Amino acid sequence: MSAEVIHYEHIFDEEAVPAIESGGIFIIYESKRTSATKAKLVKLAEELGLSREEIAMVVGMTGRNLQRYSSNRKLSQEQYTNMLLLTRLFIRGVDVFGSKEKFGRWLRKPVRSLGMQRPLELLDSTIGYTVVEQTIGRIEHGVFA
């Protein structure tokens, strides 16, 4: 299936791009402090088609806190890691669903195999990412999800 391309190279530091593509995200987490800022987080939200409230929830803050941050305020290492995980998830999701719009709709609707929870709501924890990734894998392989 020919899917859209997620453009994230301009958002992350140079060494993050190969790590996102290979899945080696935690190498970055352990190796350096982040230079990710609110401005980069907002760019990522725009690229992925997420609202500011949605991206804030996913990285572990409130929409109100995100709104109060100055554009050049640095994010925590955990928030940066969540940005990386979200980007990797979107790359996979867009590949499986064929477009950002289709994947975005799936993220926002209740999924039976997730106990009628919306996948986006689960992305506030590492376990949630794992469950959503596994569900995408089942969809990719034609297993009822």
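Reader: Buried means under 20% relative accessible area, exposed over 50% and partly exposed in between (1.4 Å probe, protein chains only), so what percentage of the 145 residues counts as buried here?

Author: Of the 145 residues in the protein chain, 46% are buried. This is a predicted model, where local features need pLDDT of at least 70 and side-chain atom pairs count only at pLDDT 80 or more, while totals for chains, interfaces and linings use all residues. Residues are numbered from 1 along each chain as its sequence is written, and side-chain values use heavy atoms, leaving out hydrogens and water.

Reader: Thanks! How many helices and strands are there?

Author: There are 9 helices and 0 strands, giving the pattern α-α-α-α-α-α-α-α-α along the sequence. Helices (H or I, at least four residues) and strands (E, at least two) are DSSP runs, numbered from the N terminus.

Reader: Let's go inside. Which residues have the most contacts in the largest nonpolar core?

Author: Leu-86, Phe-103 and Leu-123, in a core of 35 residues. Such a core is a set of buried Ala, Val, Leu, Ile, Met, Phe, Trp, Tyr and Cys residues joined through side-chain atoms within 4.5 Å. H6 supplies the largest share of this core, 10 residues.

Reader: How do the axes of H6 and H7 cross?

Author: The axes of H6 (residues 77-97) and H7 (residues 100-108) come within 8 Å and cross at roughly 110 degrees. That makes H6 roughly perpendicular to H7. Axes are lines fitted to C-alpha atoms, for helices over the stretch in contact, with angles from 0 to 180 degrees between N-to-C directions. Angles under 35 degrees count as roughly parallel, over 145 as roughly antiparallel, 65 to 115 as roughly perpendicular and the rest as oblique.

Reader: What kinds of residues make up that contact of H6 with H7?

Author: They divide into 7 nonpolar, 1 polar and 2 charged. Ala, Val, Leu, Ile, Met, Phe, Trp, Tyr, Cys and Pro count as nonpolar, Asp, Glu, Lys and Arg as charged, and the others, Gly among them, as polar.

Reader: Now H4: which residues are buried there?

Author: Glu-54, Ile-55, Ala-56, Val-58 and Val-59 are buried in H4. Their cover includes H3, H5, H6, H7, H8 and H9.

Reader: At what angle do H4 and H6 pack?

Author: About 115 degrees, with the axes 8 Å apart. Ile-55, Val-58 and Val-59 in H4 meet Gln-79, Asn-82, Met-83 and Leu-86 in H6. That contact of H4 with H6 divides into 5 nonpolar, 2 polar and no charged residues.

Reader: Last one! Is Leu-50 buried or exposed?

Author: Leu-50 counts as buried because its relative accessibility is 9%. Leu-50 lies in the loop between H3 and H4. Its C-alpha atom is separated by 7.9 Å from that of Gly-104, 54 residues apart along the chain.

How values were computed
Contact = heavy atoms within 4.5 Å.
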